[in-house]
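Biologist: I would like to learn how to read this model feature by feature. Could you walk me through it?

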Amino acid sequence: MADRMHASPMRRIWTIAFREFRHTVITKGFIFGALVMPVVMFAAIAAIGMLIGMQMTPVAGTLVVIDESGTVAGFAAEELTPEQVAKDMQDTLKRNSALKSWPGNDVAQQATASLPSIDVKVESVQDATRVDELRAKVQDGSLLGLAIVSPELLNANPKDAEGNDLTYTLIVPTRSAPRLTGMLEKSIAKAIVKARVQRVGTDYTSLQALLTLPETSVRRMSTEGAEADENAIAKTLLPMGFMMLLWIATFTSGQYLLTTTIEEKASKVMEVLLSAVSPMELLCGKIVGYAMVSAVMLGMYGALGIAGLSAAAMGDLVSPGMLILMLVYFVMAYAFVSTMMASVGSAVNDLREAQSLVTPAMLILMLPIMLWLPISEQPNGWIATISSFIPPAIPFVMVLRVTASNEQIDTWQVVLSLVWGFAWVGAFIWGGAKIFRVGVLMQGKPPSPRELLKWIRMA
Amino acid sequence: MTTSAVNLRAVWKRFGKTEAVRGIDLDVPDGSLTGFIGPNGAGKSTTIRMIMSIIHPDEGSVQVLGADAISAKDRIGYLPEERGLYRRMRVMEFLKFMATLKGLPAAGLDARVNAWLERVQLTDASKKRCQELSKGQQQKVQFIASVIHDPELIILDEPFSGLDPVNARLINRLIRDLHDAGRTIIFSTHVMHQAEQLCDRIVLINRGEKILDASMTEIHARFDPRTVQVEPSSHNPAEASRLGALPGVERAQWNPERHAAELTIARDVDPQDVMRAAIALMPVRTVELRKTTLDDVFVELVGEAMPSSEESGNG
């Protein structure tokens with residue numbers, strides 16, 4: 001007889017788990033899909049930015065402004081200096097609410113660095129009869145553009161007879177890049193406003209300072225009296241980020257679990273396995289194996305996310321307690337998804353049949369995505385509270401709530417969700433194991449939901 | 001005293017309204033080579049799956065190697081009828097995986113796998129992926145997977161199905177070697193001559209019930225031969241009617257392929273008397289008492305409405 005050791009259930013489970021892990025993670029598909037693909041995407045985004053910068057040709061030439069007053073061209077020349085164009089762009093980026101809280105405003109500086117070199121001469125023409133001559137110059141490309149500003153446009157209230165806003169005309173060559181056209185358009189419009197302000201005898205810089213909207217510093221005060229900074233990103237994007245991380249980590253593994261179970265049934269290797277292990281050991285081995293796959297993804301993307309937040313000086317948004325809760329809810333989410341996928345995979349013959357059985361559960365699991373905004377905005381609201389007790393969506397909703405804003409959710413709700421959630425996990429594993437035990441040896445017509453219930457009773 | 005490797009008592013298995021196995025009692029002696037035969041859908045594979053504890057009986061008890069079937073799994077080798085491999089796994093890796101599941105320690109596994117691959121003439125295949133092998137090669141890998149852990153009990157469900165004659169002969173020899181080494185082997189088939197050639201004991205299952213459980217010697221004794229074949233020197237078909245008139249002969253039929261008359265003799269008549277009378281009646285080349293084949297037994301017990309023994313199917 002062979003020098004045989006007793007294969008304990010744990011050893012069998014681990015052997016199956018390791019095989020599943022190895023044959024999923026150490027494959028070209030996984031390495032490409034989970035590791036290389038995100039890197040390629042980031043690199044592509046960066047490369048596109050570089051390519052756009054490289055393709056940008058210097059902006060050089062003459063812009064003619066037909067304006068009887070002769071004041072607009074001068075202001076337009078001020079607006080079209082390289083320094084002023086860069087400053088306008090930075091101001092626009094700084095006003096963006098998301099980037100406002102980004103430390104150092106480096107993004108704005110980096111963005112203006114990609115601007116092409118600008119050398120625009122602005123020529124003023126007060127004789128409106130030269131329009132056709134100048135149009136021809138635009139047409140042959142000897143002018144960057146021609147702006148026609150009517151005298152009425154410089155009035156304090158520039159309206160036509162019907163009360164409509166007056167417009168100025170900008171004529172550019174067909175090949176003019178939209179970005180250049182936009183720059184000319186904005187500079188001339190601003191120059192017209194400056195000319196108007198000058199006409200009424202007011203200093204534009206003073207007026208602009210008076211009209212600038214002040215920035216807001218929101219301080220959020222808790223019921224205990226603690227005050228903290230309001231952060232738009234933390235309030236909206238962070239919970240969604242965490243939930244999506246949980247979603248991707250669990251569903252990627254869940255999908256692998258579903259397809260490999262179907263494959264094992266289709267290739268008839270299932271009965272070979274069942275001659276060596278019990279259905280429960282096989283199920284546990286598969287679940288543990290793909291849990292490791294899931295943990296690799298969660299760890300990888302989670303570490304990247306936290307590193308990103310730390311680099312942006314927002315590391316304090318994620319507390320250790322939050323991470324521990326996130327891990328506990330990950331275990332719960334994975335248990336729900338994996339049991340569901342393995343039992344469905346065991347009961348069907350192909351992916352098409354699996355879709356019809358998975359769809360009802362998927363609709364419930366879509367709930368946190370659909371209710372992301374109301375839950376993130378009001379983590380203690382009734383929508384958040386009720387939806388966090390609906391299995392199998394519990395862990396996803398709770399992650400949204402726990403990571404949302406600075407608002408604490410009641411500890412009893414967290415505890416209750418864990419007790420309630422893991423009780424449901426137990427029920428899912430119990431039912432899933434019974435379906436798995438019957439399903440793995442079944443061939444032919446896929447079962448209806450009613451038949452699945454029958455399997456649970458009879459197994 | 002002979003002990004039983006497998007012991008089934010009043011085992012029932014139902015699938016919905018279908019009674020797949022109906023109260024089977026079975027003892028497979030230690031060290032025997034037992035053939036499970038029966039028509040398609042008779043309940044052979046269901047019985048085997050219960051022995052393997054892949055499915056559980058609704059009623060009755062199953063004991064394997066003196067224990068319950070689950071705790072004896074490591075001591076059993078099983079080649080299921082519906083065979084499968086992990087297509088993308090390499091042969092060496094697959095066999096090591098199966099051996100580990102069956103409780104073999106990692107040390108020495110490579111040597112063990114290589115020795116088996118050499119035995120089945122697949123030494124070049126160890127680094128190949130399973131999907132790169134031919135069907136016959138895949139079957140040999142599956143056979144190794146079922147015996148790699150040197151089990152005490154080996155259950156082979158239709159082991160020759162789909163094999164070419166050369167590979168069938170190789171597997172046949174390996175089964176004999178394992179039997180000679182003292183392993184208990186249960187071998188399910190619906191091809192009677194294979195069972196007759198290999199097995200020392202036969203269990204015939206039909207419609208979920210065991211209708212025969214005996215050694216080959218007992219079967220030959222119990223199913224007393226009733227046919228005497230006489231080959232006249234003249235090879236003349238007309239001789240059949242003369243032979244048919246002998247006392248104790250119920251019917252005489254000419255077999256043109258053998259150039260011989262086949263005489264069916266009455267139950268209470270000694271075949272030796274008929275043989276002596278035939279020799280006295282005419283010059284003959286050969287006279288023989290035809291040995292009862294398993295096919296004859298099968299047809300007698302199960303009935304004529306059976307599928308041909310060359311058809312494949314499951315049981």
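Modeller: Gladly, and let us begin with the domains, whose bounds come from an automatic or database domain assignment. In chain B, the centres of domain 1 and domain 2, taken over C-alpha atoms, are 42 Å apart. Domain 1 of chain B covers 4–221 and domain 2 covers 224–291. Chain A is divided too, into domain 1 (59–205) and domain 2 (231–458), and there 55 Å separate the two centres, again over C-alpha atoms.

Biologist: What should I know about the numbering and the model itself?

Modeller: Residues are numbered from 1 along each chain as its sequence is written, while chains are lettered from A and ligands numbered from 1 in the order in which they are written. The model is predicted, so to speak of a local feature one needs pLDDT of at least 70, side-chain atom pairs count only at pLDDT 80 or more, and totals for chains, interfaces and linings use all residues.

Biologist: How do I read the meeting of two chains, and how many residues of chain A are in contact with chain B?

Modeller: Two residues are in contact if their C-beta atoms, placed from the backbone, lie within 7 Å. Here 22 residues of chain A are in contact with 26 residues of chain B. Helices H1 (9–25) and H11 (269–274) of chain A each supply at least two residues of the side that touches chain B, and H11(A) gives the largest share, 5 residues. Helices (H or I, at least four residues) and strands (E, at least two) are DSSP runs, numbered from the N terminus.

Biologist: Which residues have the most contacts inside the largest nonpolar core?

Modeller: A nonpolar core is a set of buried Ala, Val, Leu, Ile, Met, Phe, Trp, Tyr and Cys residues joined through C-beta atoms within 7 Å. Buried means that 20 or more other C-beta atoms lie within 10 Å of a residue's own, with C-beta atoms placed from the backbone. The largest core has 135 residues, and those with the most contacts inside it are Leu246(A), Phe396(A), Val399(A), Leu95(B) and Ile155(B). Helix H13 (residues 320–347) of chain A gives the most to this core, 14 residues. Beyond its neighbours within four places in sequence, Leu246(A) is in contact with residues including Tyr329(A), Phe330(A) and Ala333(A). A second, separate core of 28 residues includes Val72(A) and Val122(A).

Biologist: Where does helix H14 of chain A bend?

Modeller: The bend at a residue is the angle between axes fitted to the seven residues ending there and the seven starting there. H14(A), residues 351–365, bends by about 45° at Val358(A), and Pro360(A) follows within four residues. Val358(A) is also one of the buried residues of H14(A), along with Ala354(A), Leu357(A) and Leu365(A).

Biologist: And strands: which residue stands opposite Leu63(A) in S2(A)?

Modeller: Two strands pair if DSSP finds at least two bridges between them. Strands S1 (residues 59–67) and S2 (residues 118–125) of chain A pair in the parallel sense over 8 bridges, with Val122(A) opposite Leu63(A). S1(A) also runs parallel to S3 (residues 145–149) of chain A, joined by 5 bridges, and there Leu63(A) has Gly145(A) as its bridge partner.

Biologist: Why do S2 and S5 of chain B each have one side without a neighbour in the sheet?

Modeller: In chain B, 4 strands form an open antiparallel sheet in the order S2-S1-S4-S5. S2 (18–29) and S5 (67–68) of chain B stand at the edges with a single partner strand each, so one side of each lacks a neighbour in the sheet. S4 (residues 59–64) of chain B and S5(B) pair over 2 bridges, and Val64(B) has Ala67(B) as its bridge partner in S5(B).

Definitions and conventions. A residue is buried if 20 or more other C-beta atoms lie within 10 Å of its own, exposed if 12 or fewer, and partly exposed in between; C-beta atoms are placed from the backbone.
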